[in-house]
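Here's a quick briefing on how two copies of a chain sit against each other. Have the model open while you read.

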There are 6 protein chains.
Amino acid sequence: MLMNSFIEKIINLALEEDLGTGDITTNSVVPLNTIIKGRFIAKDSGVICGLSVVKKVFELVDKGVEITVYIKDGDRVNSGDVIAEIEGLARGVLSGERVALNFMQHLSGIASETARLVSLIGGSSMKIVDTRKTTPGLRVLEKYAVKTGGGYNHRMNLSDGILIKDNHIKAAGGIKPAIDAARQNAPQTLKIEVETETLSQVQEALDAGADIIMLDNMDNQTMREAVNMVNGKALTEASGNMDQRNLLDVAQTGVDLVSMGALTHSVKAMDISLKFY
Amino acid sequence: MLMNSFIEKIINLALEEDLGTGDITTNSVVPLNTIIKGRFIAKDSGVICGLSVVKKVFELVDKGVEITVYIKDGDRVNSGDVIAEIEGLARGVLSGERVALNFMQHLSGIASETARLVSLIGGSSMKIVDTRKTTPGLRVLEKYAVKTGGGYNHRMNLSDGILIKDNHIKAAGGIKPAIDAARQNAPQTLKIEVETETLSQVQEALDAGADIIMLDNMDNQTMREAVNMVNGKALTEASGNMDQRNLLDVAQTGVDLVSMGALTHSVKAMDISLKFY
Amino acid sequence: MLMNSFIEKIINLALEEDLGTGDITTNSVVPLNTIIKGRFIAKDSGVICGLSVVKKVFELVDKGVEITVYIKDGDRVNSGDVIAEIEGLARGVLSGERVALNFMQHLSGIASETARLVSLIGGSSMKIVDTRKTTPGLRVLEKYAVKTGGGYNHRMNLSDGILIKDNHIKAAGGIKPAIDAARQNAPQTLKIEVETETLSQVQEALDAGADIIMLDNMDNQTMREAVNMVNGKALTEASGNMDQRNLLDVAQTGVDLVSMGALTHSVKAMDISLKFY
Amino acid sequence: MLMNSFIEKIINLALEEDLGTGDITTNSVVPLNTIIKGRFIAKDSGVICGLSVVKKVFELVDKGVEITVYIKDGDRVNSGDVIAEIEGLARGVLSGERVALNFMQHLSGIASETARLVSLIGGSSMKIVDTRKTTPGLRVLEKYAVKTGGGYNHRMNLSDGILIKDNHIKAAGGIKPAIDAARQNAPQTLKIEVETETLSQVQEALDAGADIIMLDNMDNQTMREAVNMVNGKALTEASGNMDQRNLLDVAQTGVDLVSMGALTHSVKAMDISLKFY
Amino acid sequence: MLMNSFIEKIINLALEEDLGTGDITTNSVVPLNTIIKGRFIAKDSGVICGLSVVKKVFELVDKGVEITVYIKDGDRVNSGDVIAEIEGLARGVLSGERVALNFMQHLSGIASETARLVSLIGGSSMKIVDTRKTTPGLRVLEKYAVKTGGGYNHRMNLSDGILIKDNHIKAAGGIKPAIDAARQNAPQTLKIEVETETLSQVQEALDAGADIIMLDNMDNQTMREAVNMVNGKALTEASGNMDQRNLLDVAQTGVDLVSMGALTHSVKAMDISLKFY
Amino acid sequence: MLMNSFIEKIINLALEEDLGTGDITTNSVVPLNTIIKGRFIAKDSGVICGLSVVKKVFELVDKGVEITVYIKDGDRVNSGDVIAEIEGLARGVLSGERVALNFMQHLSGIASETARLVSLIGGSSMKIVDTRKTTPGLRVLEKYAVKTGGGYNHRMNLSDGILIKDNHIKAAGGIKPAIDAARQNAPQTLKIEVETETLSQVQEALDAGADIIMLDNMDNQTMREAVNMVNGKALTEASGNMDQRNLLDVAQTGVDLVSMGALTHSVKAMDISLKFY
């Protein structure tokens, strides 16, 4: 299974914090060789995400536990659908159960909410993107869940994207000097995005050659004007407490991207249970 | 600052995933010695939690960054209240900003929701407790946030509490043999809790000497009968998709504890921002 | 193999400290493909403990090394008995040999001594339990060895048991306020144990509802009175430089538990060797 | 404080295993700002070892805890002597107490036993050296304790010394080819030691130019002959279940070194307590 | 000191591998409290890089060692110039000496060679950039050294830049489908670079909207034509065993960037010594 | 595969720094199940080193990737020779490609240069040895590469060899007291090497019983006299900016060892590419 170090670290941390020094109940009560079987079942409808994490959890806990997966990440399920089956020694299965569910419920919650928002804007070409407002330790997985739900990723972290905000502008002495500094010093492989709050800032960013212009906390009418002003010479990104109520309206302003922190910072877990039989 | 290894690990992981190979924007645009000042400001009302994590984040990023805290964990704030001030090199402050906010918004979200639920049941002696349905990697911090909001903690993990569930009962051959095995094999320092779904199971657990009896997915009338049956000889815990709509009714059944997974698995981040000036 | 992170960490640390930058003798002297076979043989009588650690050591050093186990943890052996056979590349076998033996000799020493003490108190219902006076880094394994030898475990660490000592009592302003604070603030899943040194403290702890009462450094007569006073309303634990000379007398006082630090802090390794043929 | 990574790792592991998710008793019972003072007191006579480890433990747990040391490693104490004083927040002091004591009692046990054996052989020039039979994870510290007690160190691990044993000899086809291979392939900075069991092997090792000859499980008379045979052309090391009963006799055979596994594999902890006042 | 986790990890690893279980010579020969003073002196001319790493090394080894720096990273020195002074306990200074020098000599070697190449192309606007052909573990530091010497950074790793190579093109079914897939699936914050080997591929990449076009292993005449064809609609990057002999000619083709693996994969250490006095 | 912890750590670090949060190009452009095949081909002549590292890299990245090796470490290749073949999922192969090549090119560069220097001194019995002037994090691998190329290893680090330099001599009060202190305090298993700069120091070291005498920065005539003076009573090691131009002359002075920092601190990578077909 191909995973990066961030994912392995958070899975290991989750197992450490849940296992502590061992599953005292199972070890005291269940005979060593007891085998159990169970099914992961959706208790709600939504988009499943995190199956490879579930497999990895049990691989780390007990290589002997077998998981048979019936669907794949990104598939939509309804309440009652069987997602996967599991079989193995009770000690292995019960030791990994809660951690596996915590991951899958959280990631499926994000994928499901993303999918719901994507469907709200129907055939629009506006892309819904995530932010850096993620749950500590889960950045890579949460961004994967956003993609699984049909959304798109903004930069992953401070090192793989340039986003010039008001502090940077103030420190550099203006939008143009800030953009010039970024173009001179940062790798040429990164686009330059600038946060703007007024139309005159949009013009300034455009003149200085920004690749992406963030329209921060603008009303829809102002965004529409900004989009016209930019006229395809840069990408435009709507930002600032975006929520589902105005998403379709925002899409109709013509912006290319809308970024939504709530996708990852306010997650409702999808209800999934592991039933033994 | 006194922290355990779980907290240090998740803070380090959060910094690693957000910093990547470095803050390319600030490093390219902001002069090396630029100093900035800012204020953490509540944008919503709620209970603040996570200030020591915020301090630790900046201690790890840049020891020179100074934070002056105006309130303490557990204090209630309203929109516009200043939580803390920060001053330091722009590189340090901006490198830690997002991680610090992600922690404080998440934990304050949990504390605030817990406080809201606690206030719902007013003078009741029923304790609202958390579960193991926490966000991976954040177990210790999330349980701290529940306490900060006025709730109580159930067991932290599989090693510091005995909770005999249906699988254990099945594997042991009944409630009584399961409790006997736990009493014989597990440390005497741990109470024995048993999950029950019917009144006859409650009676069985009681007869076998359970210390805590979980009443799982019972309606309020059944719980009331269970509480009468137990009559103080064990603690009782209501469990199973508890939510705010029936919380006061549950409190009136007389159960000692109610456990709520949603406290930690479906968190709405509290809105807090860092404004520079 | 199902192990928790503490066990994996100490095995890795033991291998790191013994291998350093590599086995310079074997690498310089033994041809790359030399195969060797050997037998782990008891040189003394006792109770074997740590076979899964031995397997894990070689799994980490060289997956190709094969171990055939003839007995299982907890089995009693006599001098000359073959415990296991090993076969593999000389480099793998010789690199893991010393670490594997160091673990097995240490853990078998603990299991054997525990078994000896348990047999001393014959049919008594008093349980011999361990303490937190363990060798740094080996807590989980040493407590496993105590169980393997027929003893029982006290709390594993500071987070999975409540033990109110004289400092806590002094800080809280008395036994009753200390117990009340613990009952109010700590998880309900943990019993409350109180350390007492006099009969009046025993009475005070009892009145305040302690679940377990530690009788610290009391003479046998005082302990007998304490047990009578408690009369089954709490568990009693004898503590304080207990040793084999008075163990049977202590058992006859009627206490439920006796805790012995020497089980784990003063270990005589069991003599086991790996003989090649 | 100057420490190597092995020492830092075992201290961190010891703290992790003892703190778990936090000190539930102190956190529940003791007010946040309570200060306590205590004294580390010897309850037995012996040689103290591990004071810098004690300091490091509290530095990691709570930098605010202050330790005033009255003696230094290697000093001899008697029962009742004050070793050090400690003062700080109760949470910090109590969280580190057990771990600090476990280290100091274990290391002082080794230093004391080593000192006792060294004094047994009085003015002899024979050096008592340790082995690789150490407690897993504590290699560097235990070998430091042996030196603290007046003993000497053999090689630290497999990479910093050449010791050709019977397996190596067999694989290489004899003592001479084994020594030749080591001389050709291993760094010139390491001496070559060979394990011998007979006088003819001693002669063979000597002829092949061994720097150190281990006399394994020989009786004293044979060792005396071996020493004569070697006649200063190599160092001689007595080995094989050496114990205090024959130590003086061994010294009189004229061997240069005697290695004793029991120094580190069968340790009796020195009795030291932390008394609060 | 503000450092990211990659830098801390490689410094720690370098210290671990050089200290092993401790500096046996110094510990055996030099009295515990001996203080020494020394100077880091350039033995060659070049551009210094890595002073903050030197400081961090000694901070980790012994906080008491004091370093006074006379120049800063990027300064040019001549043979005999004093770079910094150091004073502290001999044990601390000697334990960190070699590791500190190994870092500074390696990084200064890269900075010096980069500066030499930059000066070769005089007033040209072509930027000399690095590659991913770096020494394992030193990526972030080596790229910092390239910047210190006046060069520029290409992408840091596989996650912060898009570079479509021939395998990607083949797998996607052509340059256009590959670029379309990248534009659709990758974050909008990253530019799209395509590797081309012929002018027709250049045209294809241009038509598909590539942001950067790599001209791989082309002769100078072909590159000149490619630059004309691109005509400012994308950045152009010369690549493929570039070396100093043809660098000025390459600059005159008009390409924007030239990437050179040898900057980091074939480093000649700058000669720097630490002289004690 | 038998590896020590230093090697595993540097491989993991190299993968972390190159993968970041994932291979964005391949993940965006290449279908999930695309299989690719390729050949590692020498682009230059030299001695290959690092094949087991290459295997380990892919084992960590994706266990499904298969590598078929056609030669073994130490074999000489010419430009165009196929070193190994690789086949697997494009995501696995491309994720590990650069890291694997970076290791193999670096280590083969060292092995090739060592082999070249060894051949320069033809039938001489002088051994070419490495130093501690290695690339941070790569010590164990680089020293392995030196052996692979036909050279020899000096001590690996500060803990597995005694080398008394001028600072030690000054601190101890002379060569004789320094050697005496080392002989008294350090393990007997290590030889004692002393750095000398004059013939009178050579004599002093010899008189005090040094096992190895380093002749530092002496001209060839002085070294010849030193070798005569030592006359086989100790090993002699030429040191100090040795390079290929005078290597044969140095060999003819009769010294036993010559140590060369440039073997590892100034490495020219061997040109090796991975060609897909």
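**Where chains C and D meet**

The contact draws 66 residues from chain C and 66 residues from chain D. Keep in mind that this is a predicted model. The copies meet through the same surface, since 100% of the interface residues of chain C are also interface residues in chain D.

**Buried area**
- Between them, chain C and chain D bury about 5300 Å², with 59% of that on carbon and sulfur atoms.
- On the chain C side, C:Glu17, C:Pro136 and C:Leu158 lose the most area to chain D, together 14% of what that side buries.

**Polar links**
- There are six salt bridges across the interface of chain C and chain D.
- In a salt bridge between C:Arg132 and D:Asp18, the closest N and O atoms are 2.8 Å apart.
- Counting residue pairs in polar contact between chain C and chain D gives 33, with both residues at pLDDT 80 or more.

**What chain C brings**
- Elements giving two or more residues to the side that touches chain D include helix H1 (5–19), helix H4 (90–120) and strand S7 (162–164) of chain C.
- H1(C) supplies the largest share of that side, nine residues.
- By type, the residues on that side of chain C split into 31 nonpolar, 22 polar and 13 charged.

Note on methods. Residues are numbered from 1 along each chain as its sequence is written. Chains are lettered from A and ligands numbered from 1 in the order in which they are written. This is a predicted model: local features need pLDDT of at least 70, side-chain atom pairs count only at pLDDT 80 or more; totals for chains, interfaces and linings use all residues. Side-chain values use heavy atoms; hydrogens and water are left out. Contact means heavy atoms within 4.5 Å. Buried area is the accessible area (1.4 Å probe) that two parts lose on being put together, summed over both. A salt bridge is a side-chain nitrogen of Lys or Arg within 4 Å of a carboxyl oxygen of Asp or Glu. A polar contact is a pair of N or O atoms within 3.5 Å; within protein, one must be able to donate a hydrogen and the other to accept it, and residues adjacent in sequence count only if both atoms are side-chain atoms. Helices (H or I, at least four residues) and strands (E, at least two) are DSSP runs, numbered from the N terminus. Ala, Val, Leu, Ile, Met, Phe, Trp, Tyr, Cys and Pro count as nonpolar, Asp, Glu, Lys and Arg as charged, and the others, Gly among them, as polar.
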